[in-house]
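These are my notebook entries on one structure. I list what I looked up, entry by entry.

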Amino acid sequence: MHQPAITGTGVFTPPHRIDNARLVAAYNAHAERFNAAHAEAIAAGEVEPKAPSSETFILEASGIEARYVMEPEGVLDPDRMYPRLPPRADDAPSLMAEMGLDAARRALAEAQVEAGAVDLVLCAASNHERAYPAIAVEIQALLGAGGFAYDMNVACSSATIGIQTAADMIRAGSVRTALVISPEITSAHLEWRDRDCHFIFGDVATAVLLQRADEAAGAHWRVLSCRAATQYSNNIRNNEGFLRRSRDQMEDRRDMQFMQNGRKVFREVLPLVVEHIAAHLSEAQVAPGDLSRLWLHQANRTMNDYIGRKVLGREPAPHEQPNILQDYANTSSAGSIIAFSQTREGLAPGDLGLICSFGAGYSVGSVLVEQAG
Ligand code: CO8
């Protein structure tokens, strides 16, 4: 058995930032136009008018201040409100591969590893831009990596469960160097015209490089143990899929974008995550007080504050449970990895931390790490 370690991480941040003020202005212009266009039907009670969105609500309900997107013009056009991402030729890199490649190269550089040494590439994300060939295989080719590659999807827990998969393979000896890459183009499956959720998501790509700990070139994080759990729920759902054509449903229906019952998710996921972390720590014989840092899924600040309090049994100091959602919004599976990548300062060899994601499925994934080197 070999000890797996995280030896590098990388974050690709899209070049376009949209703050709440710009987002709300675009949404409110859209709502005004919608109400004007449907004035008669609204007066007859046949159509619900759209109420305006508010910056104050967004910040208070979620903690989100801004998000990055791959294409802002379409998103902010009140007559459109979804990104314009033109199709690419089959022999050009796909968009997810391009984003993932950037993050992967950053992770490789941090770990001082050549791409040719990689023998497993997982593209672990909540959506994949085509059915096949796998985006992971495309990234493997663009990088010049060896071994094998495949796509996997456990929604928000894709990256953490991807780390578990890679760590287990390294432990068993079937692979030596693995990349877990999470390009999340959430802007393409968010309904920006829905006031209840238009502020929630942002685009990003992350990558995590895992190796045998004894092959790490520099500082690294030993993966002590991982834990994954899923429990079926329809409270976060997207009905888009390959059967659309065979069902004669060619129109762009609301349920073919992200749908959620936010309140229920809030209520049901919190106890699930708190119990999951407690069970993971108990199994690993780690006392909650021994954790120096919690890198949580980045969906909602209040949710994270609650989990931090429950896990540690006291109010966490901001550096103990850092959030990045104020800058990136919810980036699905990539959120806890951005937090891990960007908020590791002040930790020393021997310090323990927990990366934990949760969301659609429901799914929960946690990775217990120890700083080394
Ligand atoms: N502006 C002003 N008012 C608003 C707005 C708005 N934008 N939106 C809603 N309101 C109003 C509502 O109409 C309601 O009014 P009233 O009380 O008069 O009925 C009031 O504000 C309260 O609305 P809510 O009850 O909906 O507000 P909440 O306090 O519950 O906050 C949240 C909404 C922020 C969505 C919150 O419920 C939440 O964060 N829940 C958990 C969400 C979560 O963790 N989801 C998991 C996300 S899934 C995931 O992470 C990955 C999925 C796969 C990727 C998909 C990519 C697209």
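This is a predicted model: local features need pLDDT of at least 70, side-chain atom pairs count only at pLDDT 80 or more; totals for chains, interfaces and linings use all residues.

**Entry: salt bridges**

I looked up Asp255 and found that Asp255 forms a salt bridge with Arg253, with the closest N and O atoms 2.8 Å apart. A salt bridge here is a side-chain nitrogen of Lys or Arg within 4 Å of a carboxyl oxygen of Asp or Glu. Asp255 is buried, at a relative accessible area of 17%, and Arg253 is partly exposed, at 26%. I noted the cut-offs: buried is under 20% relative accessible area, exposed is over 50%, and partly exposed lies in between (1.4 Å probe, protein chains only).

Residues are numbered from 1 along each chain as its sequence is written, and side-chain values use heavy atoms, with hydrogens and water left out.

How many salt bridges does the rule give? The count comes to 17. I looked at two more of these pairs. Arg130 and Glu138 meet through their side chains in a salt bridge of 2.7 Å, N to O. Arg130 is partly exposed at 26% relative accessibility, while Glu138 is buried at 16%.

Arg344 forms a salt bridge with Glu110, and their closest N and O atoms are 3.6 Å apart. Arg344 lies in the loop between helix H11 (335-342) and strand E12 (352-359), and Glu110 lies in helix H5 (residues 95-111), so the pair ties together parts that are 234 residues apart in sequence. Helices (H or I, at least four residues) and strands (E, at least two) are DSSP runs, numbered from the N terminus. Arg344 is buried, with a relative accessible area of 19%; Glu110 is partly exposed at 40%.

**Entry: the sheet**

I then followed the strands. Nine strands make an open sheet with mixed pairing, in the order E5-E4-E6-E7-E1-E8-E13-E12-E11. Two strands pair if DSSP finds at least two bridges between them. Which strands stand at the edges? They are strand E5 (148-152) and strand E11 (291-296), each with a single partner strand, so one side of each has no neighbour in the sheet. From one strand to the next the twist averages 25°. Angles run from 0 to 180 degrees between N-to-C directions, and axes are lines fitted to C-alpha atoms, for helices over the stretch in contact.

Strand E4 (residues 120-124) pairs with E5 in the parallel sense over five bridges, and Val121 stands opposite Ala149 in E5. E4 also runs parallel to E6, joined by four bridges; here the partner of Val121 in E6 is Leu179. E6 and E7 pair in the antiparallel sense over eight bridges, and Pro183 has Ala205 as its bridge partner in E7.

Is E6 mostly covered or mostly open? It is mostly covered, as eight of its eight residues are buried. Thr177, Leu179, Ile181 and Pro183 point one way, and Ala178, Val180, Ser182 and Glu184 point the other way.

Helix H6 (residues 135-143) lies across E4, E5 and E6, at about 140° to E5.

**Entry: Leu224**

I found Leu224 in strand E8 (residues 220-230). Leu224 is partly exposed, with a relative accessible area of 29%. Not counting residues up to four places away in sequence, Leu224 touches Gln3, Arg171, Leu352, Leu368, Val369 and Glu370. Contact means heavy atoms within 4.5 Å. I also checked Val367: its C-alpha atom is separated from that of Leu224 by 7.7 Å, and the two residues are 143 residues apart along the chain.

**Entry: two packed helices**

Last, I looked up a helix pair. Helix H8 (residues 262-283) and helix H9 (residues 301-312) pack at an angle of about 35°, with axes 10 Å apart. On the H8 side the contact includes Val265, Phe266 and Val269, and on the H9 side it includes Thr302, Met303 and Tyr306. By class, the contact has 12 nonpolar, one polar and one charged residues. Ala, Val, Leu, Ile, Met, Phe, Trp, Tyr, Cys and Pro count as nonpolar, Asp, Glu, Lys and Arg as charged, and the others, Gly among them, as polar.
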